[in-house]
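Here are my notes on the charged pairs, as promised. Have the model open while you go through them.

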Amino acid sequence: MRMVPESFSYWQRTSPLFSLSTDLPNVSDVAIIGGGLSGAATCYWLARAGVRAVLLERRALADGATGRNGGFVRAGTAGPYPEAMARLGPQTARAVMDITYENRALLRQVLQEEEISCDYREPGALQLALTEDQSKEQRQEVDLLQAEGFSAQWLERAQVQAMINTPLASEILGGCFLPEQGLLHSARLVQGLVHAALRHGATAYQAEASEIGRDGANVRLRTSQGNMVASKVIVAINAWTSTLLPELTPVIVPVLEQMQAYEAIDPIFSMALSVHMNTGEYMQQTPSGTLLIGGYGSVAPNAGGSRKACQHPRYKRLSRQ
C-alpha cells in the first residue's frame, strides 16, 4: 500500500519553495532515495567527498517524518540513560552519548560553514515529572549523567515555574533539565543541506522510485521519471522502506504519532519541552510564537490525554501535521 501524507505540515508551510527538476539522468555514481533528513544529510556528505550523488524525492523535501516532528536536536540516548546502560552496557551507552554530542558539534559547524538558516538555537530541554515515580527516575538520571560528566540538573517545581510563563498544572512536581539541547526548523534544515549539496556538485530530482533491481554489477531503479542505473543506491525513506524492499517489512515498522500546530501566542517557554502522559509527548514554541505539540503515538481516537502540562486559554489548533 502506498502511504501518502494527506496534509501540508507547519514546517512545510513556513519554508521557501524548493523546486526539484524532473529531468532525471540515466546514470549516477550513487542514487539516494528520500528527501528527508537522512537522505539530505547523506547527499550532502557524499557531495562534499566528491561523489556524484543524485537525490530522488517523490514529492517535496521534508515531506515525510522530517517535516512532521518537534524540531528537537537532542544529544543523548533514545530513552533514559540508566535504561540505556542496562540494555547496552556502560561502554556502549557512553559511546552512544559521545556520538550524539559529536553530532551536535558537527551540526553547528555545518550550519555555520554552509550558512544554513533554520532557526537553530540551544535553549536546553526540560522533561517534566508528573508523579513521584517519574521524579525519582529523573533524579537518578541526573545523578548518573553528572557522574559521567554530562550537563544535567534536577529542577524543583518552583524552578520549573520560573522557566514557564503560564501557571503549571498541579501534577507537575519538577523536571530534568539538560542545558544546550537544540531546537530548529526541520524543513529549512533539510532545504539548507540540499542547497549545500548542490553547491558541492550533487543533483536533486522529483521522482518516485518504484522498484530496485540488479543490472550486472550496478543497480537499476525504476522511477516515475524513467529508469536510472547507479553504482550504489541508498534507501532513506524511513517508514516507506518496505514499499521498495518488501523483505524488510517485519523489521522496519511504521509508527503513527500525532503532530499539531497551534496559532502564535506570546512567549510561554523557550526550551524543548517533554512530558510522559501517555506515550511521551513533546512540544516547542517557535520564535514566531507558534506552539507545536506532538506524541500520543498509541492513543486511540477517543482516548485523549487527561492531563495538561500547562494551562493556557489561547490554544487554537491551526493544522494537524
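The points below go through the salt bridges one by one.

1. First, the ground rules. This is a predicted model, so local features need pLDDT of at least 70 and side-chain atom pairs count only at pLDDT 80 or more, while totals for chains, interfaces and linings use all residues. Residues are numbered from 1 along each chain as its sequence is written, and side-chain values use heavy atoms, with hydrogens and water left out.

2. Taking a salt bridge as a side-chain nitrogen of Lys or Arg within 4 Å of a carboxyl oxygen of Asp or Glu, the count is 14.

3. Arg52 pairs with Asp29, with 3.3 Å between the closest N and O atoms. Arg52 sits in the loop between helix H2 (37-48) and strand S2 (53-57) and Asp29 in strand S1 (residues 27-33), so the bridge ties together parts 23 residues apart in sequence. Helices (H or I, at least four residues) and strands (E, at least two) are DSSP runs, numbered from the N terminus.

4. Arg48 forms a salt bridge with Glu113, closest N and O atoms 3.1 Å apart. Arg48 is in helix H2 and Glu113 in helix H4 (residues 90-113), so this one ties together parts 65 residues apart in sequence.

5. What about exposure? Arg48 is partly exposed at 35% relative accessible area (buried is under 20%, exposed over 50%, partly exposed in between; 1.4 Å probe, protein chains only). Glu113 is also partly exposed, at 44%.

6. Finally, Arg104, Arg108, Glu122 and Glu180 are linked in a salt-bridge network.
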